[in-house]
Amino acid sequence: MQLIQTNEVQETLDQLIGKELYLHLETTNGAYANHNNESVLTVNAYIRNGKVTPLSGKIMGNGPYRVGLKIELGWIYAEGLTHWEIDSEGRLLMAGHDAEGRLAVALQLSSSPFDV
Amino acid sequence: MDDHLLVIFPHPDDEAFGVSGTIAQHTKKGLPVTYICLTLGQMGRNMGNPPFATRESLPLIRQKELKDACDAVGIQDLRQFGLRDKTVEFEDEKFLADQFLAVIEEVKPTRLITFYPGYSVHPDHEATARAVVRAVGSMPEMDRPELLCVAFAKNSEEDLGAPHVVTDISDVFEEKMNCIKAHRSQTQWLVESVDKDPAMLAWVKNERFWRYPL
């Protein structure tokens, strides 16, 4: 993955508007967050292969970045994104990594289902 | 009858820290080990800085690491159950227990190592442990393997007492470190702390197990 270049991500998002896509959306502070520090709540959530059709989408901020995608009945939103790539299967992968290289948030869009 | 060791864990690398020395001692004697690994740890967080992995490439990397880790400690029979990280507790427990039972009946282990239910922190660990206990508990008493469990919740010793079995694995320390290092996407921090911290080194050199009261 590379550090996010907003213009390149925005161009990629623009190409996905109106298409039926599979979504992976995730945030995590690790399964051991509370084990390592009792004052911290262990919080992890993901949706894998939600079917969505973005009506519009933008990347915002000065880094780390936010991405919001409007869908017919609501929104897809992620904050804290730092890195991105279009992988070998043409999928848009965006993620936010902390200073230790641990993934904290991910927003991914693909025209075919993600592996489960 | 061969003295067969069966190890059941949900994530690649669960075997590395607490059990791989015991595994290496077993295989060095020419005795068979079967390792059931339920998932590929697809939801791991360590991607590196700069990132060497993505959420999508991580399972491919961890698959290779798991094979290398098995080679490091002489595991020849690796069974992967193809479940997804973080979802083990949502699978049907009886179905999982029955799958374990089929392997237990096939390889007839004298010892079975898994996590200790209630004392293994991660929901996948707990679900795996519960299903193993269910499988072993359903067997006639005389046919059951000895069930040894890894516990690392903070209250483990307080509640369970001192570990029932403490194994010094110094004689296979190199093999154990190679197993840990094979899971390099996950274990770089641990390898560094073993080099620097004598307490961590002592922790790696002794493997601790509690017998589960069935």
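Helix α4 of chain B (residues 123-137) is 15 residues in length and covers 21 Å from its first C-alpha to its last, close to the 21 Å expected at 1.5 Å a residue. That expected span is 1.5 Å times one less than the number of residues in the helix. Helices (H or I, at least four residues) and strands (E, at least two) are DSSP runs, numbered from the N terminus.

Before the views, a word on reading them. This is a predicted model, in which local features need pLDDT of at least 70 and side-chain atom pairs count only at pLDDT 80 or more, while totals for chains, interfaces and linings use all residues. Residues are numbered from 1 along each chain as its sequence is written, and chains are lettered from A and ligands numbered from 1 in the order in which they are written.

**View 1. Helix α4(B) is mostly covered.** Of its 15 residues, 11 are buried; a residue is buried if 20 or more other C-beta atoms lie within 10 Å of its own, exposed if 12 or fewer, and partly exposed in between, with C-beta atoms placed from the backbone. Among the buried residues of α4(B) are D124(B), H125(B), E126(B), V132(B), V133(B) and V136(B). The buried residues pack against β1, β2, α3, β4 and β5 (146-150) of chain B. Contact here puts the C-beta atoms of two residues, placed from the backbone, within 7 Å.

**View 2. Chain B holds an open sheet of seven strands.** The order is β3-β2-β1-β4-β5-β7-β6, and the pairing is mixed. At the edges are β3 (77-83) and β6 (165-168) of chain B, each pairing on one side only. From one strand to the next the twist averages 25°. Axes are lines fitted to C-alpha atoms, for helices over the stretch in contact, and angles run from 0 to 180 degrees between N-to-C directions. Helix α3 (residues 93-107) of chain B packs on this sheet, where it touches β1, β2 (33-39) and β3 of chain B, and its direction makes about 165° with that of β1(B). Within the sheet, β1 (residues 5-9) and β4 (residues 111-115) of chain B run parallel and share three bridges; L6(B) has L112(B) as its bridge partner in β4(B). Two strands pair if DSSP finds at least two bridges between them.

View 3. Most residues other than glycine have a negative phi, and most peptide bonds are trans. K108(B) counts as partly exposed because it has 13 C-beta neighbours inside 10 Å.

**View 4. Strand β7(A) pairs with both β1(A) and β8(A).** Strand β7 (residues 83-86) of chain A runs antiparallel to β1 (residues 2-3) of chain A, with two bridges, and antiparallel to β8 (residues 92-97) of chain A, with four bridges. Follow H83(A) across: this residue stands opposite L3(A) and also opposite A95(A) in β8(A). β7(A) and β8(A) make a hairpin with five residues between them, and G90(A) in the turn has a positive phi of about 80°.

**View 5. Chain A meets chain B through 23 of its residues, with 12 from chain B.** On the side of chain A that touches chain B, β2 (21-28), β7, β8 and β9 (103-110) of chain A each supply at least two residues. The residues on this side are 10 nonpolar, eight polar and five charged. Ala, Val, Leu, Ile, Met, Phe, Trp, Tyr, Cys and Pro count as nonpolar, Asp, Glu, Lys and Arg as charged, and the others, Gly among them, as polar.
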